[in-house]
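The report below is meant to be read alongside the sequence and the coordinates. Please keep both at hand while going through it.

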Amino acid sequence: MAKLSRAARREAGQAYLFLAPSLIIFLVLVLMPVLFSGYLAFTNWNFTSGLKGIQWIGLKNFAKLHTDRNFNFALKNTFIYTATSVPMTLLIAMVFAYFLNGRVYCQKLIRTFVFIPYISNMVALALLFRCLFRSDGIINSMLTTNFGMEEGLKWMSSNDLNKIPVILLSTWAAVGYSMIVYMAAMQGIPESLYEAAAIDGASSHQVFWRITVPLISPTTFFLMIIRMIAVFKIFTSISVLSGDIVARGNISLIVKIYQDAFGNYKFGYASAEAWVLFIIIFAATLLQFWGKKKWVNE
Amino acid sequence: MKTVGKKLLCLMLMLCLTLGNVPALAEGSNDISGKVRFCTAYGGAAGMDAMVAEFNKLYPNIEVEMIQIGNTDAGNAQIDTQLMAGEIDVLSSYTRHRTLGRIEQFIDLRDLMARDNIDMKTEWGDEIEFEGGLYGIPFDGLNYFIAINMNAWNEAGLGELPTAWTWDEYLEASRKMTKEGVFGGSDWHNPECVGFAVRQQLGTDMYFGEDGYTTFTTEPAWQTAIQRKFKAEQEEKIWKSLVDYVGDDSKSQNLFFQGKVASTVTCHIWRFIGDLENYPHDFQVGFAPYPTENEGDTAYLAGPTKFAFACISKQCQDVEAAWAFVKFISMEGDKYLLKAGHLPTWKKTDLDSAVDLVFGDEATADKLVDVPSFKRVVLNIDGTSYLDNRVYSEFASIEKEVMMYIFNGEEGIDEGLAELKARCDEIIDDYR
């Protein structure tokens with residue numbers, strides 16, 4: 001490699017100087033905690049005993065995961081959230097984007113209303129859902145009044161039902177952003193394709209599925225990845241909806257990790273759980289990229 | 001003259017010996033100075049401002065900074081972080097000072113107590129050592145009782161408020177007070193309420209058997225308490241359901257003041273009674289003891305259980321100032337906890353002014369509460385209480401979780417109690 005001239009060295013030095021703040025923040029706030037957590041996953045540590053209290057225990061934390069019932073419930077629930085909320089979000093957002101892209105009465109107003117939940121605070125949204133799904137809330141009132149049910153459903157306390165408010169909230173809060181991204185993608189589709197399809201006598205149904213959907217598939221892929229990662233990390237909605245009582249019906253992996261770390265002060269065990277979650281998200285993302293070749297038009 | 005002289009000398013000697021053994025109480029001092037950062041869940045209006053003002057009359061050179069942090073998971077994480085960062089000097093601790101792995105955060109107070117001639121048993125009624133050390137002085141107590149809407153009580157023709165009663169008698173009263181839209185009774189709004197009933201019966205270390213493990217599956221008190229709750233809430237529907245409390249995130253005191261429950265198990269409702277702006281109600285509140293299983297049983301929830309303790313952080317800079325503050329809040333200053341709906345734990349607390357402190361004056365108190373039952377039941381600082389020798393902080397969240405599965409109908413009572421035993425015993429093994 002050719003030796004750099006003094007001027008080039010000076011320029012490189014200046015570049016590093018400008019990069020330094022971000023690099024330092026990245027090292028201190030991201031890389032070091034990640035590496036430390038990787039170490040902690042093989043230890044037993046309750047944080048309050050200080051660094052001297054860290055005890056190396058090898059793979060015991062990972063071995064315990066297999067028999068931890070709540071961890072297994074959390075894992076199952078997290079997969080259910082991902083499998084339901086992600087497709088629902090994308091489908092609803094796509095439909096809204098398709099209709100709002102055309103000439104629709106009050107288009108801007110509807111777009112704004114759909115987008116508002118995305119920019120709202122998740123705690124506020126969760127509290128709203130908490131009110132909606134109370135035993136004497138609007139949902140149960142509608143069920144008993146309009147649908148003739150004798151008693152309302154135990155949305156928040158039944159482990160068969162308490163996932164539903166979480167899924168609905170997670171979907172509702174994300175539709176706005178996905179819709180905006182889809183709208184931008186749809187506006188990028190050449191008008192000539194639609195004109196050609198019209199000339200060939202294609203129905204609107206065929207136009208949507210044969211032209212629009214394939215051409216926005218890269219956007220769908222992108223949204224699928226980011227939504228999947230976001231839903232795998234679902235926390236605030238469950239925390240606010242469930243309060244301080246763990247419920248195996250709706251607990252997610254992040255909620256479990258938080259409870260083990262900050263409720264039970266098992267930082268080593270919580271770190272092991274966090275690394276398992278990271279590996280799952282990483283594997284799922286790699287799978288998505290592998291499957292991309294089959295259905296994404298690029 | 002020689003005899004008089006001897007007598008005078010003896011008198012002086014006696015005086016010196018007596019005064020020398022009097023604990024250093026409320027001396028006050030201008031010599032001690034410093035800053036004390038005191039962390040508690042109570043706000044200034046809940047008696048803390050008055051307590052600090054009183055303290056500063058005795059110790060004008062000690063500055064007290066209040067740090068209010070709620071008793072939640074997030075709050076506890078904040079407290080631990082601030083303790084480690086050296087930002088808290090005196091902490092109002094619930095279980096930290098008796099939890100393995102946490103006691104290292106606090107100073108062992110035995111030497112300071114010995115220096116100032118303070119005997120734990122004399123002043124607070126219990127020896128509260130843990131792992132050979134004494135890391136907290138009790139200063140905050142809680143007892144449990146039934147708060148009663150006197151309008152509903154009198155309408156049901158139930159007569160005088162009981163001075164002691166059984167669960168069957170309370171259930172009967174609940175039946176009579178139940179009407180359309182109003183539950184006659186209510187338990188505490190949290191799944192830990194089952195443990196209250198068991199505690200009332202068993203007292204200290206209720207979770208543990210002789211083998212050191214839990215007794216969920218062998219102690220009949222658990223089955224009895226759960227079955228009674230099921231019957232009252234889900235069969236007879238004379239109590240507000242725990243499942244609805246949790247699902248709606250509502251509190252028993254809120255429903256009580258709204259007139260939706262005519263009576264409720266509670267511990268601190270008197271904190272809210274005078275707050276007519278936020279808890280409007282038009283009835284007088286009466287008080288009855290927490291029921292027992294059988295007539296004549298010892299009532300372990302009658303007196304103030306030692307709920308919170310004042311601890312000094314190992315990172316405290318002004319230990320003498322902190323110690324002066326800890327002594328004050330756990331002795332003369334203890335009475336200000338009444339404003340927060342809690343009880344003093346110091347045996348020598350003067351409760352004569354308690355009603356005035358809580359309600360302003362007797363005339364106002366008379367309108368709001370049945371004063372005789374308030375003094376008899378709520379201010380019962382000499383009542384029997386309990387103090388666990390073993391505390392596992394993980395038990396509380398497991399108990400809440402599994403009790404909800406039981407009351408949701410997802411697990412049978414036997415299955416739920418077996419799960420409780422398995423998970424709690426695992427915690428015990430982890431610590432061993």
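What follows covers the basis of the model, chain A, and then chain B.

## Basis of the model

This is a predicted model, in which local features need pLDDT of at least 70 and side-chain atom pairs count only at pLDDT 80 or more, while totals for chains, interfaces and linings use all residues. Residues are numbered from 1 along each chain as its sequence is written, and chains are lettered from A and ligands numbered from 1 in the order in which they are written.

## Overall form of chain A

The secondary structure of chain A comprises 13 helices and two strands, where helices (H or I, at least four residues) and strands (E, at least two) are DSSP runs numbered from the N terminus. With a radius of gyration of 24 Å, well over the 19 Å that the globule rule gives for 298 residues, chain A is more spread out than a compact globule; the radius is taken over C-alpha atoms, and the rule is 2.2 Å times the number of residues to the power 0.38. Along the principal axes, the C-alpha atoms of chain A fill a box of roughly 75 × 70 × 35 Å.

Of the 298 residues in chain A, 32% are buried, a residue being buried if 20 or more other C-beta atoms lie within 10 Å of its own, exposed if 12 or fewer, and partly exposed in between, with C-beta atoms placed from the backbone. Among contacts in chain A between residues at least 6 apart in sequence, 70% join residues at least 24 apart; two residues are in contact if their C-beta atoms, placed from the backbone, lie within 7 Å.

## Domains of chain A

The domain assignment divides chain A into domain 1 (6–56) and domain 2 (60–295), with bounds that come from an automatic or database domain assignment. The C-alpha centres of these two domains of chain A lie 33 Å apart, and the contact takes eleven residues from domain 1 of chain A and nine residues from domain 2 of chain A.

On the side of domain 1 of chain A that touches domain 2 of chain A, the elements giving two or more residues are helix H1 (6–40) and strand E1 (43–44) of chain A, and the largest share, three residues, comes from H1(A). The residues of that side divide into five nonpolar, six polar and no charged, where Ala, Val, Leu, Ile, Met, Phe, Trp, Tyr, Cys and Pro count as nonpolar, Asp, Glu, Lys and Arg as charged, and the others, Gly among them, as polar.

## Domains of chain B

In chain B the assignment gives domain 1 (22–141 + 305–349) and domain 2 (145–302 + 370–431), and their C-alpha centres lie 29 Å apart. The contact takes 14 residues from domain 1 of chain B and ten residues from domain 2 of chain B; the residues on the domain 1 side divide into five nonpolar, six polar and three charged.

## An open sheet in chain B

Three strands of chain B form an open antiparallel sheet in the order E6-E5-E7, two strands being paired if DSSP finds at least two bridges between them. Strand E6 (263–266) and strand E7 (285–289) of chain B stand at the edges with a single partner strand each, so one side of each is left without a neighbour in the sheet.

Five bridges join strand E5 (residues 145–149) of chain B to E7(B); Phe145(B) stands opposite Pro289(B), and Ile148(B) has Gly286(B) as its bridge partner. Five of the five residues of E7(B) are buried, with Val285(B), Phe287(B) and Pro289(B) pointing one way and Gly286(B) and Ala288(B) the other way.
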